[in-house]
Amino acid sequence: LVDGIMQSDMWHRVLQAEEKYFELPFSTLNEDEVISGTIDLIFKESDRWVIVDYKTDNIEANPKKKEAYEKQLNIYSQYWEKLTGGIVKEKKLYRVG
């Protein structure tokens with residue numbers, strides 16, 4: 001899995017990034033609900049952020065699961081923009097394995 005990630009175009013983008021964070025845990029209060037998660041990878045390109053969520057399952061074969069993962073990415077994006085004041089330009093589900 002690691003070799004596949006390190007040979008990907010995404011990894012080459014990460015290596016060029018101004019800032020990068022891996023396995024970044026967070027918790028935030030949204031109205032009366034605590035939301036917690038871990039952002040697998042977030043990196044900065046040209047003053048904009050890219051969030052990557054690695055998945056080992058075949059998300060294309062299960063549209064409901066893919067939709068749930070995309071919702072998760074949207075929550076991560078909202079959290080990051082609120083926390084940093086930055087802009088998330090791209091959210092990517094990245095299948096490994």
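Residues are numbered from 1 along each chain as its sequence is written, and side-chain values use heavy atoms, with hydrogens and water left out. Because the model is predicted, local features need pLDDT of at least 70 and side-chain atom pairs count only at pLDDT 80 or more, while totals for chains, interfaces and linings use all residues.

Student: Which side chain of opposite charge is nearest to Asp40?

Tutor: Asp40 lies in strand 2 (residues 33-45); strands (E, at least two residues) are DSSP runs, numbered from the N terminus. Asp40 is buried, meaning under 20% relative accessible area, with exposed over 50% and partly exposed in between (1.4 Å probe, protein chains only). Asp40 has no salt bridge, which would need a side-chain nitrogen of Lys or Arg within 4 Å of a carboxyl oxygen of Asp or Glu. With Lys and Arg counted as positive, Asp and Glu as negative, and His and the chain ends not counted, the nearest side chain of opposite charge, 5.5 Å away, is Lys55.

Student: Which backbone nitrogen does the side chain of Asp40 reach?

Tutor: Among the residues that Asp40 touches are Tyr21, Val52 and Tyr54, where contact means heavy atoms within 4.5 Å. At 2.8 Å, the side chain of Asp40 reaches the backbone nitrogen of Tyr54.

Student: What is the bridge partner of Val52 in strand 4?

Tutor: Strand 3 (residues 48-55) and strand 4 (residues 88-95) run parallel and are joined by seven bridges; two strands pair if DSSP finds at least two bridges between them. The partner of Val52 in strand 4 is Lys92.

Student: Is Trp49 buried or exposed, and what is its relative accessible area?

Tutor: Trp49 belongs to strand 3. Its contacts, not counting residues up to four places away in sequence, include Tyr21, Ile42, Trp80 and Val88. Trp49 is buried, with a relative accessible area of 5%.

Student: How many residues apart are Glu45 and Lys89?

Tutor: The side chains of Glu45 and Lys89 meet in a salt bridge at 2.9 Å, N to O. This pair links distant parts of the chain, Glu45 being in strand 2 and Lys89 in strand 4. Glu45 is buried at 16% relative accessible area, whereas Lys89 is partly exposed at 44%.

Student: Which residues are linked with Glu45 and Lys89 in a network of salt bridges?

Tutor: The structure holds seven salt bridges. The network that contains Glu45 and Lys89 also includes Arg13 and Glu90.

Key:
Helix = DSSP H or I, 4+ residues; strand = E, 2+ residues; numbered from the N terminus. Polar contact = N/O pair within 3.5 Å; in protein donor to acceptor, adjacent residues only side chain to side chain.
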